[in-house]
Amino acid sequence: MTTTTRNGAIITVLALAAIILVLMGGGDGAAQPDDDGVLEVALHDYGFEPDTLQLPTGEPLTLRFVNQDDPSHHVSFGREVRERDGRAVGFDQDLFAGLEPRVTPPAAQTGPSADDPGFEILVRGNETVTVEVTLPPDRSGNWEIGCFTGRGCHYRAGLAGTVIVE
Ligand SMILES: [Cu+2]
């Protein structure tokens, strides 16, 4: 009788632990787009909030960047930080290479350019810029977002985030 009761209690505890693990799973707290594909990211105090994004492939996405700081920030999307004279200046690989994200307002798109081969937007202080894009399955993997304003100063200060595409 006692053994049965103890076993029952252990099973209950294990079941609760399993439920909690399931609830905590699904991206380790990564932010995901809502049912309309919209994901809002604040640029606040030289950081991204949220700073980990989980994006699906094959679905229209609307990434809305809201700059709550007074200074302007750029946002680049890629991986493998490129350095020049010891400064972080951009990404070697562009998440949006070969794609044509729609930027609103259009003038906020500052790359690709002669200086920077990667896609980049400029979000002026206290303004909002949206990027609409559908990621193909070949972009699956881990990427980054970052602001390389000030020749990498902002990136080093914390304006760097993780993008998980799956
Ligand atoms: Cu910045």
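Tutor: Let's settle one word before we start: a residue is buried if 20 or more other C-beta atoms lie within 10 Å of its own, exposed if 12 or fewer, and partly exposed in between, with C-beta atoms placed from the backbone. By that count, 25% of the 166 residues of the protein chain are buried. Bear in mind that this is a predicted model: local features need pLDDT of at least 70, side-chain atom pairs count only at pLDDT 80 or more, and totals for chains, interfaces and linings use all residues. Numbering starts from 1 along each chain as its sequence is written.

Helices (H or I, at least four residues) and strands (E, at least two) are DSSP runs numbered from the N terminus. On that basis the protein chain has 2 helices and 12 strands, in the sequence pattern α-β-β-β-β-β-β-β-β-β-β-β-α-β.

So to the interior. A nonpolar core here is a set of buried Ala, Val, Leu, Ile, Met, Phe, Trp, Tyr and Cys residues joined through C-beta atoms within 7 Å. The largest one has 26 residues, and those touching the most other members are F65, V75, F77, I121, V123 and V163. Each of β1 (38-43), β3 (52-55), β4 (60-67), β5 (73-84), β9 (120-123), β10 (128-134) and β11 (141-146) puts at least two residues into this core; β10 has the largest share, with 3 residues. In soluble globular proteins, nonpolar side chains do tend to be buried together.

Zoom in on V75. Two residues are in contact if their C-beta atoms, placed from the backbone, lie within 7 Å. Ignoring neighbours within four places in sequence, V75 is in contact with F65, E120, I121, V123, I145 and C147.

Next, how do the strands line up? Two strands pair if DSSP finds at least two bridges between them.

Then look at β12 (residues 160-165). It runs parallel to β3, joined by 4 bridges, with L55 standing opposite V165. β12 also pairs with β11, in the antiparallel sense over 6 bridges; there, I145 has G161 as its bridge partner.

Finally, the loops. Most residues other than glycine have a negative phi, and most peptide bonds are trans. Against that background, the bond joining E49 and P50 is cis, with omega about 0 degrees, and P50 sits in the loop between β2 and β3. Another cis bond runs from G111 to P112, with omega near 5 degrees; P112 is in the loop between β8 (109-111) and β9.

Two aspartates deserve a click as well. D45, in the loop between β1 and β2, has a positive phi of about 55 degrees although it is not a glycine. D45 is exposed, with 11 other C-beta atoms within 10 Å. D85, in the loop between β5 and β6 (87-94), also has a positive phi of about 55 degrees, and D85 counts as exposed with 7 C-beta neighbours inside 10 Å.
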